[in-house]
Every structure is written in C-alpha cells, then in structure tokens.
Amino acid sequence: VRLGRRLRELRQRRGWSQVYLAEISGIGRTHLSQLENGRREAGLRVIETLAISFDLTTAELLKGV
C-alpha cells in the first residue's frame, strides 16, 4: 500500500497519467493501477523498471516505503 502511494505521488508530481507511465515503463496500465491501489505487490524487476522510468535509484524510489 505504501509503495502504491509513493508511485502515485511521484507520477502525479510529474504530471504523468497512468497511461504515460505504462508507455515509458512497459508495464501495463492495469498492473500500475493495481500497484497504486495496493491490490498487487511489486517484484524486484518491476521496482527496478519503475525506478528507471522515474530516473531514480531503487533506494530513492523506495524512500519512506
């Protein structure tokens, strides 16, 4: 749930839609929605992919999670 909140915060801060994040990350929009809403857990590969998409390190992405 905390990771989902963090992802939504980062995405919205950049003014990105879920569709845009899905396009640049290669992760499906439905998958992203489920992550943001705490209905799905992220594996290491997804976390790494999202960190790259946000131009962050994995540690920066997970800060406060």
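User: In which loop does aspartate 55 lie?
Analyst: This is a predicted model, and its helices are numbered from the N terminus. In that numbering, the loop that holds aspartate 55 is the one between H4 and H5.

User: What is the phi of aspartate 55?
Analyst: Most residues other than glycine have a negative phi. Aspartate 55 is not a glycine, yet its phi is positive, at about 60 degrees.

User: Is aspartate 55 buried or exposed?
Analyst: A residue counts as exposed when its relative accessible area is over 50%. Aspartate 55 has a relative accessibility of 69%, so the residue counts as exposed.

User: Is phenylalanine 54 buried or exposed?
Analyst: The cut-off for a buried residue is under 20% relative accessible area. Phenylalanine 54 has a relative accessibility of 2%, and therefore counts as buried.

User: Is tryptophan 16 buried or exposed?
Analyst: Under 20% relative accessible area, a residue counts as buried. Tryptophan 16 is at 19% relative accessibility, so its class is buried.

User: How are the rings of tryptophan 16 and phenylalanine 54 arranged, and what is the pair called?
Analyst: A pair of aromatic rings is described by the distance of the centres and the angle of the planes. There are two aromatic pairs by the rule used here. For tryptophan 16 and phenylalanine 54, the centres are 5.3 Å apart and the planes are at 5 degrees, so the pair is stacked.

User: How many residues apart in sequence are the parts that this pair ties together?
Analyst: Tryptophan 16 sits in the loop between helix H1 (2–13) and helix H2 (18–25). Phenylalanine 54 sits in the loop between helix H4 (44–53) and helix H5 (58–61). The pair therefore ties together parts whose separation in sequence is 38 residues.

User: Which residues form the aromatic cluster?
Analyst: Tryptophan 16 and phenylalanine 54 form a stacked pair. Both belong to one aromatic cluster, whose members are Trp16, Tyr20 and Phe54.

User: What pattern does the protein chain follow along the sequence?
Analyst: The protein chain has five helices and zero strands. Read along the sequence, its pattern is α-α-α-α-α.

User: What is the radius of gyration of the protein chain, and how does the globule rule compare?
Analyst: For 65 residues the globule rule gives 11 Å. The value for the protein chain is close to this, so the chain is as compact as a globular protein of that length. Its radius of gyration is 10 Å.

User: What share of the residues of the protein chain counts as buried?
Analyst: Buried means under 20% relative accessible area. Of the 65 residues of the protein chain, the share that counts as buried is 37%.

How values were computed
Residues are numbered from 1 along each chain as its sequence is written. This is a predicted model: local features need pLDDT of at least 70, side-chain atom pairs count only at pLDDT 80 or more; totals for chains, interfaces and linings use all residues. Side-chain values use heavy atoms; hydrogens and water are left out. Helices (H or I, at least four residues) and strands (E, at least two) are DSSP runs, numbered from the N terminus. The radius of gyration is taken over C-alpha atoms; the globule rule is 2.2 Å times the number of residues to the power 0.38. Buried means under 20% relative accessible area, exposed over 50%, partly exposed in between (1.4 Å probe, protein chains only). Rings of Phe, Tyr and Trp (its six-membered ring) pair if their centres lie within 6.5 Å; planes under 30 degrees apart count as stacked, over 60 as edge-to-face and the rest as tilted.
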